[in-house]
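Please keep the sequence and the structure in view while reading.

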Amino acid sequence: MNNEQTLQIINIIQVGTVMFLSPLIAGIINRLKAMIESKHGPSIFQPYYDLSKLLKKEVVVPERSSSIFIIAPFISFTAYLVISLVVPIVTPYPLPYGILLDLLGGALMFGLAGIVSIIAAIDARTNYSAMGASRSASFTALAEPTLIMIFIAVAMITGTDNPYVTNNLLSGSASWYLSSTHVLVMVAFFMLILVETGRLPVESSGLVEFGMIDDAKIIEYSGKLLALSRWGGYMKQFLLMSIFLNVFVIPWWMSGDVSVTGALYSVGTLFLKLLVLVGVVVIIEETFAKLRLFKILDFLAIAFSLALLSVLSLFLVGKGITN
Amino acid sequence: MDSFTLFQDVVLLYVTGAVLGLFSRNTCLTRTLTFVPSVVASALLVVFSSSVIMSGKSLQIVAPGVLSFFNFEILIDGISAFFILIIGIISFAVSLYSIGYSKEYEIKKRTPTLVFLFNIFILSMVLVVASNNAFFFLVFWELMSLVSFLLVIYDHDKEENLRSGITYLIMTHFGTAFIFASFLLGYIQTGSFSFDSFRHSSTGFPLFVKNLVFIFAFIGFGTKAGMVPLHVWLPKAHSSAPSNISALMSPVMIKIGIYGMIRTIFDFSGFGISPDFAWWGMLLIVFGSASAIIGVLYAVVERDIKRALAFSSIENIGIILIGLGLSIVFTSFQLTAFAILALVASMYHTINHAVFKGLLFMGAGSVVSVTHTKNIEHLGGLVKQMPWTSLLFLIGAISISGLPPFNGFISEWFTLQSLLSSYHIPSTILQISIAFASLPFALTIGIAAATFVKLFGMTFLSKTRNKHAINIKEVSRSMILGMSILAATCVLFGIMPYLGTSLISTAFHLPSQPPSPFVSISIQNSSGKSFANISMPVVVIMLLSVSIAIFGFIRVLGGTTKKTTYGTWDCGFGSLTERMEYTPTSFSQPIRAVFKVFFKPHNHTEKESFGENPYLLKTVKIETMVKNVFEEILYESIISSFVFFFDKVRRLQTGKINAYLLYIMITLVLLLLFVRLSNNA
């Protein structure tokens, strides 16, 4: 097997990991939450059962909605898959499609997925979904800039906004890792993950009108389309968490070998890293109270300011602690 | 045909179109026919400008002594040709669109005037860009301003339009005065009004003259471009003008302001590689980022679809100015590679904004022409009746939000890349200022997406909130054709960014980008190491193939399932009416709440209840308004101080003959004194 073929196989492993491991992470989160609440909770494989059931159910389309309603889940799903081709998930070196998009391109691709789902929510023509669309559009309007600012900060540290270079630089240099810029970026990104994946203190998942955002957007979906929207949500969560871990927080323990075993090793370590992050997220979710809806925007504003501060600290403190 | 004859033909065709329009009768056939010259002329304009760009040979015409003091000079080099190309593309699409659109004015029997002004307007813009002499530049500039003023008040039955016209007329002349001052400085230094002489001797100007030339041009052209705080005319004028004219003004005319700025800064101001000029760039960045964020904030809360688009033009001009400013800063520190990147970003956004804003204004025009309302509160649910307009508007909306795979994504990505290259600038103060400028820019991208989700969603999706909107039909074919041309350009410039970058680098004589359209675009720093890349054709192929694969995959996983169409859950109330819908105002309410410091929203609630119980309401009336800070604080105070001053001056005019005799006496004495004193000296 030559190098080219190996890379292609690793590519497939990477996309497969994102697609098929992401529901498991969602299942683990739900189970952990239940355990902390001293309940038994559903099996960690419950999301898989849900998806397979939903895929076989009939689709109910609201009358008077247009074809956007049906196409949108496919577009979002595709966008997440394309992103999963270009970020370091199982390898610390770029895969053949790594040159497709850089971090900023990826950020705007996340934006595309979000916007399409918001448009579809308006197309569903109920007030619940319109409410979800309104909230989601407003929060995205602040979350997207935060993501862009974070990537600008990273790009200024490394001189490139290629995620692989960032990964290599951070894993090889303690002074960069401990620099104020990087620490601030990590905090801002973590806050952003809480927002984007709909976790407390931002959003309590479920159908409570006061706080629902993402669940309101997909309220009219059913059957296959609901399965796609849910699955897309799991993938988005998985992607953001993986980028956070592999690029920013724990850039180590990824196998540099260009081989299938190397890639599988990295999948294993990524899973362990994810478990730690999931633990932290669940603890936060179980111990914090939900913010009032409009306080979320303050929360986002803090994340946004932290990202700006990280850029400023790069110029003020200088590059890193030692050099 | 050589380029000179081609150019002559274009001018003649526009004149023919104008004359034809003026003398034609108001029938359906003539309406179609009178737009034919401008369609042909615009197509020739595209051919002409691209041939000038590709051949790299500029067209120069000098007709000496047309007027005793001034030579009539035309110079179309790469930069002019690039802007003429923009004019050509947009006016081609808009001319086609106008064939169907002008039907709306048939009843009022005013189409002949419209055709006449339309042709003269396009011609004047071409001639402004082509002029190589300050005098003729100003003549054509004035012609452009006056014709566009007449077009703004074209619908003069409405008083609102007349007001917009007056605001526009005043602001545009305010700008022209500064442009005039800038050129006069050049004249004082060189003794000639020819741009050639400015070009040759500008490096020798004293530094303070260079700075003054820049400042005057910045204010003058900035007014035309709609830069904050000189933007007040723009939303009014663009929403009052007929939609096909808005589709020319907003995409093209404000770009002429950008053209003037580029021409003056890079050609006549003696700009060069020296940190002395870094502040020029910073000024552009500061005003650019202010325009971007302020424009988009007003756009997101706006209820008038055309005003919202006009505010978004201010935002996009801001993005263009940020790129231009960065390019100047980089040049002044001799960071050539980044200067080129920023200039390409800015010019790419210039052509992109022209294309998608033209498309969106035409889309808005179609909506207005069938529903007769500009207020999106009264629109909604048009996607069923107007599927083509909806689709094309959606393409424009996604493009302008800067999302892949359309063209806005490419230019915003370039601008972001040039912003984050700012850490190469060897000055911490500048680095920090640019970091602060990237903050409003990032916010702008986010809020712009929300704006266009709202505009598209509330206009075309959701339920119909208008009783007139029930019997409407799709607009005529020529209108759809006009929009499709620009939509196709959006897609083309999105999936083949190579096309745009090579166009710009050839036009501006910059080192070019990779050779094949399928090679990814990579941006290199000064040492030749690439630091960022995207490959749009592959991204698009991936998007398409993956989505088809997903479709098949889901099919395989779940098997075939039924699809039922059913009403949405109405909580058991019976039918949900459009009055229970989320309105555009409620949609953007969270953003209004976050930026309440800026908007200073004014809410007023009136309740009328049954009897004593305050909870049993008969009617509730809520009024919510957003304050326009600039008009109400900045301009009001200027206007009131003027009024105050001239009120005082008016006291001189007593109407008594004795007083006037006294004035004459005083003047005479003063003049005699003056002559006496100056003779002594």
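## Where the chains touch

The contact between the chains takes 67 residues from chain B and 64 residues from chain A, two residues being in contact if their C-beta atoms, placed from the backbone, lie within 7 Å. On the side of chain B that touches chain A, the elements giving two or more residues include helix H15 (407-420), helix H16 (428-460), strand E4 (530-534) and helix H19 (536-558); helices (H or I, at least four residues) and strands (E, at least two) are DSSP runs, numbered from the N terminus. H16(B) gives the most to this side, with 17 residues. The residues of this side divide into 41 nonpolar, 20 polar and six charged, where Ala, Val, Leu, Ile, Met, Phe, Trp, Tyr, Cys and Pro count as nonpolar, Asp, Glu, Lys and Arg as charged, and the others, Gly among them, as polar.

Strand E1 (residues 59-62) of chain A is joined to E5(B) by four bridges, and the two run parallel; strands pair if DSSP finds at least two bridges between them. Within this pairing, Val59(A) stands opposite Lys563(B) of E5(B).

## Basis of the model

This is a predicted model, in which local features need pLDDT of at least 70 and side-chain atom pairs count only at pLDDT 80 or more, while totals for chains, interfaces and linings use all residues. Residues are numbered from 1 along each chain as its sequence is written, and chains are lettered from A and ligands numbered from 1 in the order in which they are written.

## Chain B as a whole

Chain B has 24 helices and seven strands. Its radius of gyration is 27 Å, close to the 26 Å that the globule rule gives for 681 residues, so chain B is as compact as a globular protein of that length; the radius is taken over C-alpha atoms, and the rule is 2.2 Å times the number of residues to the power 0.38. The C-alpha trace of chain B spans about 100 × 75 × 60 Å along its principal axes.

Buried residues make up 54% of the 681 residues in chain B, a residue being buried if 20 or more other C-beta atoms lie within 10 Å of its own, exposed if 12 or fewer, and partly exposed in between.

Beyond its neighbours within four places in sequence, Met125(B) is in contact with Ile87(B), Met144(B), Val252(B), Met253(B) and Ile256(B).

Asn407(B), in helix H15 of chain B, counts as buried because it has 31 C-beta neighbours inside 10 Å. Leaving aside neighbours within four places in sequence, its contacts include Asn352(B), Phe356(B), Cys490(B) and Gly494(B).

In helix H6 (residues 163-172) of chain A, Pro163(A), Tyr164(A), Thr166(A), Asn167(A) and Leu170(A) are buried. These residues cover an arc of only 160° around the axis, which puts them on the same side of H6(A); the arc is that of the directions from the helix axis to the C-beta atoms.

Strand E6 (residues 602-609) of chain B and E7(B) pair in the antiparallel sense over eight bridges, and His604(B) stands opposite Glu623(B) of E7(B).
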